[in-house]
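Hello,

Here is the structure we talked about handing over. Please look it through alongside the notes that follow.

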Amino acid sequence: MTSVGNAGTRRLVTPRQAPRVVSVARATASKATTTRSLRSHERRGLARLVARAAAEGEELENIEMVSGEDEYGADDGSLNESLEEVIYSLDKSASVASLMNVIEQKFSDHLDPAFADDGVDGEDYEKHAENMRNTVKSMGMEERLIEVRRVTKVVKGGNILSFRAIVAVGNKKGKIAVGVGKGKEVMPATTKAVAEALRDIVEFPIAKNDSIPHTTVGSATSASVILKPAGEGTGVIAGGATRTVLELAGVENVLSKQLGSDSLLNNARATVNALGKLRSPAQVAQLRGKSVRQLFGLDDVTKKVDTVECSADRLQELIHSCDTKTREQIDEAMAFLKTKGLEAEAAEAKVVEKA
């Protein structure tokens, strides 16, 4: 038995089996040697091995047969080259989602199934943003970007960069909303902000001179905004996020004042809160049981509020219709009256016709 070769690549071959041997295992000593140079080196070493074994006439045993096909596949090099060509052929401004889609389409047979798009993490935000813009247009509304801020989160492995977008949505006819969204790119952040705004749309009345019906005050955390009606031709006396919200809401004549925090998000939310508190004269008159003319003193009042005594059963019915905290307060007051030796008397207010 004869062994020829390095310690890591020794092979034993007989003259009878030598023609069937195509190649031997690769040498692992040098990783820098290419596959082509390894194959030529193996052929020369195999030829010398077979010639020496035939000259000595020895019969060798324990033959290890190695297939001539590359165990790593014949097209690995071509796959890497084509992958690089596809990557460099893409537009430099293309998003990561576009790159992933192209790679998945062209090399789906070579990719790990876990790499495939599951429809959630690999969502195409460009297409989703386009659908969201179409939805806003179909509702007759307009979106406007208030602020985009880059946010960096420091973690153990480094810094995580993300973006926060504040967007206002309105139809300039009494509908307004403000939303905030976060994402790894600007487009996903703005899309999420618009989606949040569309879920919380506020409606309010607008006066005939494109102003607000009355003075109102709105707040959000530490920010407060005061809005006062103004005459025609005054314009929007406001700045920052308050001005953007009022313009999208359709208010053209108004006086405003920001108090407290200077945050754009808080001021925008405070402005929406103030607009949501507005009531038209018709709504206030309905709550008071009067007409609009009676509310402004143009007509005589035909109804009045009178106090009518109610029975004990009616009193218990009214108490049970209250919330838990109110019932506890009424029970404490009645218990206090009993300790003083007094009986509780109740009366109910009703709207009756004026005589």
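**Two loop residues**

K172 is partly exposed, because its relative accessibility of 42% falls between the 20% and 50% cut-offs. Please bear in mind that this is a predicted model. K172 sits in the loop between β2 and β3, and its phi is near 60°, a positive value in a residue other than glycine. D210 has a phi near 60° as well, again a positive value in a residue other than glycine. Its place is the loop between β4 and β5. With a relative accessibility of 30%, D210 counts as partly exposed.

**First sheet**

β1, β2, β3 and β4 form an open sheet in the order β1-β2-β3-β4, with antiparallel pairing. Its edge strands are β1 (142-155) and β4 (202-203), each of which pairs on one side only. Between β2 and β3, which run antiparallel, there are eight bridges. F163 stands opposite G183 in β3. Helix α5, residues 186-199, lies across β1, β2 and β3 and runs at about 145° to β3.

Is E147 buried or exposed? E147 counts as buried, because its relative accessibility is 15% and the cut-off is under 20%. The side chain of E147 makes a polar contact with the side chain of R149, at 3.1 Å. Not counting residues up to four places away in sequence, E147 touches R164, A165, I166 and L264.

The parallel sense is found between β7 and strand β8 (residues 254-260), which pair over two bridges. V236 stands opposite V254 in β8.

**Nonpolar cores**

The largest nonpolar core has 26 residues, and the members that touch the most others are I176, L227, V245 and L275. At least two residues of this core come from each of β2 (158-170), β3 (175-183), β6 (223-229), α6 (240-249) and α7 (264-276). Which element gives the most to this core? That is α7, with six residues.

Leaving aside neighbours within four places in sequence, L275 is in contact with I176, F204, I212, L227, V245, L246 and A249. There is also a second, separate core of eleven residues, including M132, V167, V194 and A195.

**Cysteines**

How many disulfides does the structure hold? The count is zero. C310 has a relative accessible area of 16% and is therefore buried, the cut-off being under 20%. C322, at 26%, is partly exposed.

Regards

Notes: Residues are numbered from 1 along each chain as its sequence is written. This is a predicted model: local features need pLDDT of at least 70, side-chain atom pairs count only at pLDDT 80 or more; totals for chains, interfaces and linings use all residues. Side-chain values use heavy atoms; hydrogens and water are left out. A nonpolar core is a set of buried Ala, Val, Leu, Ile, Met, Phe, Trp, Tyr and Cys residues joined through side-chain atoms within 4.5 Å. Buried means under 20% relative accessible area, exposed over 50%, partly exposed in between (1.4 Å probe, protein chains only). Helices (H or I, at least four residues) and strands (E, at least two) are DSSP runs, numbered from the N terminus. Contact means heavy atoms within 4.5 Å. Two strands pair if DSSP finds at least two bridges between them. Axes are lines fitted to C-alpha atoms, for helices over the stretch in contact, and angles run from 0 to 180 degrees between N-to-C directions. A disulfide is a pair of cysteine sulfur atoms within 2.5 Å. A polar contact is a pair of N or O atoms within 3.5 Å; within protein, one must be able to donate a hydrogen and the other to accept it, and residues adjacent in sequence count only if both atoms are side-chain atoms.
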